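Trainee: Can we go through this structure together? I'd like to start with a strand and then look at one residue.

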Amino acid sequence: MVNSPSSKHPTPHSVSPRHHIHATKEDRLSKYRNGKEKDTTVTKYRPLEVVTFNPPLDAIKHGHGESGMRYIFGDLPLDDFEQGKIKEMHAYLKSRHVSLKNTAFCDNHLLLRYLQGNEYNFVKAWNDIKRHVRWRQNFRMIEDRDKLERLLRKGYCYIHGRDKLLRPIIVFRAKAFSDGEEPDDIIHVVYYWFEFVITNMLAWNRVEQWRVIMDLQDVTLYNAPISLLKDIAINLQRNYRGYLAQMSFINAPIIFWGLWQAISLVLPQSTRDKITLCTSDYKSEFLKCINPNQLERRYHGIAPDVNSFREPILPPLN
């Protein structure tokens with residue numbers, strides 16, 4: 001199982017709960033965001049429609065209390081329940097002699113992502129934060145540009161369009177996973193696109209999530225990349241808390257419906273609720289959320305099918 005971005009950079013020992021996070025050798029966690037997620041500059045990847053988008057209230061948060069789900073964090077005002085849970089979390093950490101000072105998690109909105117993702121269980125949230133700290137400290141992109149270019153062009157995953165709430169759509173082609181490349185390299189391609197979307201395509205307080213289409217076309221019992229799919233799901237929910245809006249598995253063979261049970265067991269309920277296994281007739285479901293010009297023809301849209309995966313394909317939004 002791929003738990004860290006690179007086997008060349010072993011995971012350090014767990015951060016002791018009796019030591020501050022900022023006592024780690026190199027707190028890259030406090031630096032990795034660098035304010036890039038707050039950038040609302042209009043670019044070809046982040047058009048004016050995204051920067052000026054006013055999300056409806058139910059696209060910001062749905063429900064209340066522990067059963068509620070926040071989708072847009074940014075620096076928006078938090079409700080009394082959220083503020084109360086954050087205060088309780090700080091009290092829990094203080095009781096364990098832990099401070100989040102000088103780390104990215106001194107941002108209560110980021111802390112809330114991990115609280116919500118762990119159903120407000122303080123022990124699980126703290127363990128999750130420590131795990132993420134270790135992962136981010138060892139995070140490395142593929143440094144060999146030629147290798148990265150080659151992997152990107154294989155189309156393990158790529159970006160095509162935005163949904164009706166202007167969230168980027170990331171498409172995974174599971175059949176490409178079985179081309180002989182190392183699973184760790186494929187995971188790195190996934191990381192590349194996730195990081196690209198966060199820094200180039202989202203808009204602070206307006207568009208803060210992505211939608212995933214997982215295409216299982218031509219996947220069989222003999223070539224099903226179950227372990228890799230599980231690793232992608234685990235890394236998505238552990239290291240990119242709150243960014244997934246919806247994941248749709250399409251063209252799933254009958255065997256996958258049983259195998260899905262093994263994958264779903266490692267996911268919290270809040271993540272499972274965002275994942276759907278679509279029948280062969282998923283057109284109506286897609287078109288409820290995505291305009292036809294933002295979908296390729298093979299997914300019942302009107303945009304040309306993609307065969308070049310290096311750059312995001314972003315049809316006009318109007």
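Trainee: Is strand S6 mostly covered or mostly open?

Mentor: Mostly covered: strand S6, residues 244-250, has 7 of its 7 residues buried. Buried means under 20% relative accessible area, with a 1.4 Å probe and protein chains only. Strands here are DSSP E runs of at least two residues, helices are H or I runs of at least four, and both are numbered from the N terminus.

Trainee: What should I know about the model itself?

Mentor: It is predicted, so local features need pLDDT of at least 70 and side-chain atom pairs count only at pLDDT 80 or more, while totals for chains, interfaces and linings use all residues. Residues are numbered from 1 along each chain as its sequence is written, and side-chain values use heavy atoms, leaving out hydrogens and water.

Trainee: Which way do S5 and S6 run?

Mentor: Parallel, with 6 bridges joining strand S5, residues 210-215, to S6. Two strands pair if DSSP finds at least two bridges between them. Gln246 in S6 is the bridge partner of Arg211.

Trainee: And how many bridges link S6 and S7?

Mentor: There are 3, also in the parallel sense, and S7 covers residues 275-277. Ser248 has Thr276 in S7 as its bridge partner.

Trainee: New topic. Where does Asn118 lie?

Mentor: In the loop between helix H4 (108-117) and helix H5 (122-137).

Trainee: Why does Asn118 count as buried?

Mentor: Because its relative accessibility is 10%.

Trainee: What does its side chain reach at 2.8 Å?

Mentor: The side chain of Asn118 reaches the backbone oxygen of Tyr114.

Methods:
Buried means under 20% relative accessible area, exposed over 50%, partly exposed in between (1.4 Å probe, protein chains only). A polar contact is a pair of N or O atoms within 3.5 Å; within protein, one must be able to donate a hydrogen and the other to accept it, and residues adjacent in sequence count only if both atoms are side-chain atoms.
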